[in-house]
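Hi,

Here is the structure I said I would pass on. Have a look at it first, then read my notes below.

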Amino acid sequence: MIGNIPIDIRWTPRKRTCILVGLIPCPQKGAKNIDKARHTAVVTVLSQLRRLDITGPGLKWDCADGFQRQCYPLLAAWVGDYPKQVMVAQVSYGSCPMCEIPKGAPMGHSTFRLLNNSRDQHIYSELLEDNHIDPLHTLGVCPICNQVWQYPLCNVYRLWQPDELHQLLLGLVEDLLCWLLKYLKGRNVKDRCYSQSTSVPRYPGLQHFSKRFDSLKSGTWQGKVICGITSTLAVNCAPILLCSKDDGKTAAERVTDEMVMGAVRAFCEFSLLVSQQIHSDLSLNALDDALKRFYLKKGIF
Ligand SMILES: [Zn+2]
């Protein structure tokens, strides 16, 4: 199912936005290896793709324009949120589905080697056969023989689609927010930040916060709340972190505050721009620009 189709259309079977090809088992709550059971079910449903001979003639399929074409059905994308990506790729929950960055390591995604089953599946298989599962855990790869590794021209670690809720809002943005609140506390200005945020006047489309963010435990922050916090975070922090020269800060404090403000502004811009329904060259350039600025300043975190 694709999330950009309105929910009332998506959930009406006669609108035919989705076709039922199989049912995935739904084990009881608390059952072990639920992910593995679902993974096996998905692999079974898609097993025909594994047998396709890509050097052969392929399949003759009718196309919408009335012509018949030679087709090679391949597993090229898996449209699902992060937990569903984890289930198909069989990486450990919380690790990156794309690269070998260790769990909990500070951001620096692009500097780590990409996971690639076409290149490395013999290494994974050997480790599994010899029961050396620790190196696999370090890579974030679950110690099972993933049958999707065998699918022709399929790199299971590149099937993923960006998931704004789990990866951006509940992942990166929440992490950075927690860090920022600790920083503001260390600088003794956390209360000022809260009074700025609760005094933002009500405005259509802006979420109003009458309470401090930390009156909600971070574990209960929902994507909508995080989105609401980021939409005014930069303007709430700017008067605190970017003050005039006679604000009593030392030169070192001023430098770090400016770095933090630069990073906060860049990640707020990035996360707000990314949530647009439609993108253009202009918005993609703005996204690139925000990301570059964030990477320049992120050393402060
Ligand atoms: Zn990564």
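This is a predicted model: local features need pLDDT of at least 70, side-chain atom pairs count only at pLDDT 80 or more; totals for chains, interfaces and linings use all residues.

Let me start with Pro-143, which counts as partly exposed because it has 16 C-beta neighbours inside 10 Å, and the buried class needs 20 or more. Pro-143 lies in the loop between helix H6 (134-139) and H7. Leaving out residues up to four places away in sequence, Pro-143 touches Leu-128, Ile-133 and Leu-136.

On confidence, the average pLDDT of the protein is 85, and 95% of the residues score at least 70. Among the elements, S2 has the highest mean pLDDT (93), while helix H1 (residues 7-10) has the lowest (84).

Now the overall layout. The protein is divided into domain 1 (7-158) and domain 2 (164-300). Taken over C-alpha atoms, the centres of domain 1 and domain 2 are 34 Å apart.

What about the cores? The largest nonpolar core has 23 residues, and those touching the most other members are Val-173, Leu-177, Ala-263, Val-264, Ala-266, Phe-267 and Phe-294. Four helices each supply at least two residues of this core: H7 (164-186), H9 (223-241), H10 (251-274) and H11 (281-297). There is also a second, separate core of 21 residues, with Val-86, Met-98, Tyr-151 and Val-156 among its members.

Which residues does Ala-266 contact, leaving aside its neighbours within four places in sequence? They are Ala-290, Arg-293, Phe-294 and Lys-297.

Next, the strands. S1 (residues 59-62) and S2 (residues 68-71) pair in the antiparallel sense over 4 bridges. In S2, Cys-71 is the bridge partner of Leu-59, and Gln-70 stands opposite Lys-60. The two strands form a hairpin with 5 residues between them, and Gly-66 in the turn has a positive phi of about 95 degrees.

Finally, two asparagines to look at if you go through the backbone torsions. Asn-131 has a phi near 60 degrees, a positive value in a residue other than glycine. Asn-131 is found in the loop between helix H5 (117-129) and H6, and counts as exposed because it has 8 C-beta neighbours inside 10 Å. Asn-188 also sits on the positive side, with phi near 65 degrees. Its place is the loop between H7 and helix H8 (190-198). Why is Asn-188 classed as exposed? Because 8 other C-beta atoms lie within 10 Å, and 12 or fewer puts a residue in that class.

Cheers

Note on methods:
Residues are numbered from 1 along each chain as its sequence is written. Domain bounds come from an automatic or database domain assignment. A nonpolar core is a set of buried Ala, Val, Leu, Ile, Met, Phe, Trp, Tyr and Cys residues joined through C-beta atoms within 7 Å. Two residues are in contact if their C-beta atoms, placed from the backbone, lie within 7 Å. Two strands pair if DSSP finds at least two bridges between them. pLDDT is the predictor's confidence in each residue, from 0 to 100.
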